[in-house]
Amino acid sequence: MSSSSSGGEKVRASHILIKHRGSRRKASWKDPEGHVISNTTKDAAVSQLKSLREDIVSGKAKFDDVAATHSDCSSAKRGGDLGPFGKGQMQKPFEEATYALKVGEISDIVETDSGVHIIKRTA
């Protein structure tokens, strides 16, 4: 296991993405034509995500179940799992938030060009 190259520490995370009209791609598996996304303000996306996060943190819902039904990312079908990734593979705010989490922790709202996310570090 000495094959870790310089700074090659990988993390693994799952996320829930809510897109809004400011997102760079206004379509998703849930909304292929982008009608809902184009009419969703960033504030509305953030408040929806805050409410979902509250359900997860309070134990009312499981992260992967919420991701599977609510996330605008195609990773939804894997419960939001993005698999392992290293530095430079994700948008900077997403990467920084993930590396700052301890395994099992869930981030606050993270904004990227894709939309707003909550991230759960899994490894």
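This is a predicted model: local features need pLDDT of at least 70, side-chain atom pairs count only at pLDDT 80 or more; totals for chains, interfaces and linings use all residues.
I started with the surface: the accessible area of the chain is about 7,000 Å², with 50% of that on carbon and sulfur atoms (Shrake-Rupley, 1.4 Å probe). Side-chain values use heavy atoms, without hydrogens or water, and numbering runs from 1 along each chain as its sequence is written.

Next, the fold. I read β-α-α-α-β-α-β-β along the sequence, with helices (H or I, at least four residues) and strands (E, at least two) taken as DSSP runs numbered from the N terminus. The radius of gyration is 15 Å, close to the 14 Å of the globule rule for 123 residues, so the chain is as compact as a globular protein of that length (C-alpha atoms; the rule is 2.2 Å times the number of residues to the power 0.38).

Then I looked up S71, in the loop between α3 (63-70) and β2 (81-85). S71 is buried, at 0% relative accessible area (buried is under 20%, exposed over 50%, partly exposed in between; 1.4 Å probe, protein chains only). A polar atom of the S71 side chain sits 3.0 Å from the backbone nitrogen of L17. Beyond four places in sequence, S71 touches residues including H15, W29 and A76 (contact: heavy atoms within 4.5 Å).

For A61, in the loop between α2 (42-57) and α3, I got partly exposed, at 25%.

Last, α4 (residues 92-100): F94, E95, A97, T98 and Y99 are buried there, and their cover includes β1 (11-18) and β4 (115-121).

Terms used: A polar contact is a pair of N or O atoms within 3.5 Å; within protein, one must be able to donate a hydrogen and the other to accept it, and residues adjacent in sequence count only if both atoms are side-chain atoms.
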